[in-house]
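Please read it beside the sequence and the model.

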Amino acid sequence: MAQQIDDAFLEDLGLGGLSDDKKRVLIRQLLETLQLRVGTRLSEDLTDEQLDDFERTVGDSDDSGAAAEAWLKQNHANYNEVINEEIAKLKDDLRTNLGQVMG
């Protein structure tokens with residue numbers, strides 16, 4: 001997921017002129033927002049048993065981000081589709097609020 005939110009993503013939105021520090025902060029915030037949105041959407045389709053299994057799997061892992069992504073890819077048929085949809089929504093939100101982001 002992280003590879004889709006990068007300098008090229010910001011460039012596509014007309015945010016390439018931001019300082020490197022602002023880009024890093026914005027990318028981190030965008031990744032956190034994307035993870036929350038994707039997680040929320042995906043969890044709506046999971047059973048209680050699947051959610052319990054997910055929590056166990058991620059909780060037992062040394063790299064929870066990688067474990068979560070691997071589990072979701074394996075157990076949620078629309079994983080990549082949801083990510084792409086949420087990235088598109090995030091881009092739309094950023095375009096709508098571009099003045100605030102640049103300010």
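A salt bridge is taken here as a side-chain nitrogen of Lys or Arg within 4 Å of a carboxyl oxygen of Asp or Glu, and by this rule the count comes to ten salt bridges. The model is predicted, so local features need pLDDT of at least 70 and side-chain atom pairs count only at pLDDT 80 or more, while totals for chains, interfaces and linings use all residues. Residues are numbered from 1 along each chain as its sequence is written, and side-chain values use heavy atoms, with hydrogens and water left out.

**Pairs between helices**

- Arg95 and Asp12 form a salt bridge at 3.6 Å, N to O, and this pair links distant parts of the chain, with Arg95 in helix H5 (residues 79-96) and Asp12 in helix H1 (residues 7-12), 83 residues apart; helices are DSSP runs of H or I with at least four residues, numbered from the N terminus.
- Arg37 pairs with Asp93 in a salt bridge whose closest N and O atoms are 2.6 Å apart, joining helix H2 (residues 20-44) to helix H5 across 56 residues.

- Lys73 and Glu69 form a salt bridge, their closest N and O atoms being 3.5 Å apart, and both lie in helix H4 (residues 64-75), four residues apart, about one turn of the helix.

- Asp12, Lys91, Asp92 and Arg95 are linked in a network of salt bridges.
- Arg95 is partly exposed at 43% relative accessible area, as is Asp12 at 44%, where partly exposed lies between buried (under 20%) and exposed (over 50%), computed with a 1.4 Å probe on protein chains only.
- Arg37 is partly exposed at 25% relative accessibility, and Asp93 is partly exposed at 32%.

Terms used
Helix = DSSP H or I, 4+ residues; strand = E, 2+ residues; numbered from the N terminus.
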